[in-house]
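Here is a short briefing to read alongside the model.

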Amino acid sequence: MTIRILLAEDMNMVRGALVALLNLEDDLEVVCEVERGDEILDAAARHTPDVAIIDIDLPGIDGLAAAERLHNQLPGCRTLILTSLGRPGALRRALAAQVSGFLLKDAPPQELAAAVRGVAAGNRVIDSQLALSAWNSTESPLTAREAEVLRLAADGLEPVEIARHLQLSLGTVRNYLTTVVTKLNARNRVDAIKIARDAEWLL
């Protein structure tokens, strides 16, 4: 049985190389390619892949946010996140988003193919070094929503823009930011962003 794959990667050369590698496998077929996170849901709805391989850093919306939406709307499609940076904060966020697999981009080709087969079979496939670093790192005190609000603030969005982006009231966004500053014992929002970034809680 052939495993149908959606590939989301914004760098053309990397995407082309991954497609070529995956299509060399008899049981794997890339049925769709996208280069933006906000294109993933529509493409998945059209092509009904078994597995979505998603780069963590995508324009539009990032790979983890896209993976979470995909899990909620098309739970039959498993997700495998690719990253070039093995940060424990990103892995923790991926696990919270119900991602099926998490792999470094420099993994050997056979490891990627095996990971695709693993997640397609219903297993969770996590790079062992990433899992170990996440196990040893400090847990974020922020909820997923608090981290999302702070991430948008770190990207330069003002509270009114964050409210519009997340479809929340301005008061709710301000409450989240106040709570974040308090939880992180920060002096202000800028200090909270620095603390969270240094601890790799905003990935």
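In helix α3 of this predicted model, the residues Gly63, Leu64, Ala65, Ala66, Ala67 and Leu70 are buried. At the start of that helix, a side-chain oxygen of Asp62 comes to within 2.9 Å of the backbone nitrogen of Leu64.

**From α3 to the strands**

- Together, β3, α3 and β4 build a β-α-β unit, and the unit is right-handed.
- Strands β3 and β4 run parallel and are joined by five bridges.
- To find this pairing in the viewer, look for Val51, which stands opposite Arg78 in β4, and for Ile53, whose bridge partner in β4 is Leu80.
- On to the next pair: β4 and β5 also run parallel, with four bridges joining them.
- Here Leu82 has Leu103 of β5 standing opposite.

**The sheet as a whole**

- Six strands make up an open sheet with parallel pairing, and their order is β2-β1-β3-β4-β5-β6.
- The edges are taken by β2 and β6 (125–126); each has a single partner strand, so one side of each has no neighbour in the sheet.

**A closer look at β4**

- Thr83 belongs to strand β4, which spans residues 78–83.
- With a relative accessible area of 3%, Thr83 is buried, because the cut-off for that label is under 20%.
- Setting aside neighbours within four places in sequence, Thr83 is in contact with Ile56, Phe102, Leu103, Leu104 and Lys105.
- Ile81 touches Ile54, Ile56, Gly63, Leu64, Ala67, Val99, Gly101, Phe102 and Leu103, again leaving out residues up to four places away in sequence.

**Nonpolar cores**

- Which residues touch the most other members of the largest nonpolar core? They are Leu6, Ile40, Ile54 and Ile81, in a core of 24 residues.
- Two or more residues of this core come from each of β1 (3–8), β2, α2 (40–47), β3, α3 (63–73) and α4 (88–96).
- The helix we started with, α3, gives the most to this core, with four residues.
- There is also a second, separate core of 21 residues, with Ala147, Leu152, Trp201 and Leu202 among them.

**Salt bridges**

- The model has 10 salt bridges in total.
- One of them joins the side chains of Arg15 and Glu33, at 3.3 Å from N to O.
- Arg15 sits in helix α1 (residues 12–23) and Glu33 in strand β2 (residues 28–34), so this pair ties together parts that lie 18 residues apart in sequence.
- Are the two partners buried or exposed? Arg15 is buried, at 11% relative accessible area, while Glu33 is partly exposed, at 45%.
- Another salt bridge pairs Lys105 with Asp55, and their closest N and O atoms are 3.4 Å apart.
- This pair links distant parts of the chain, 50 residues apart: Lys105 is in the loop between β5 (101–104) and α5 (109–120), and Asp55 is in strand β3 (residues 51–55).
- Lys105 is partly exposed, with 30% relative accessible area, whereas Asp55 is buried, at 5%.
- Glu9 joins Asp55 and Lys105 in a network of salt bridges.
- Asp191 and Arg187 form a salt bridge too, with 3.6 Å between the closest N and O atoms.
- In that pair, Asp191 is buried, at 12% relative accessible area, and Arg187 is exposed, at 71%.

Definitions and conventions. Residues numbered from 1 in each chain as written. Predicted model: local features only at pLDDT ≥ 70, side-chain atom pairs only at ≥ 80, totals over all residues. Heavy atoms only, no water. Salt bridge = Lys/Arg side-chain N within 4 Å of Asp/Glu carboxyl O. Buried < 20%, exposed > 50% of the residue type's maximum accessible area, 1.4 Å probe, protein only. Contact = heavy atoms within 4.5 Å. Core = buried A, V, L, I, M, F, W, Y, C linked by side-chain atoms within 4.5 Å. Polar contact = N/O pair within 3.5 Å; in protein donor to acceptor, adjacent residues only side chain to side chain. Pairing = 2+ DSSP bridges. Right-handed = clockwise from strand over helix to strand, strands pointing away.
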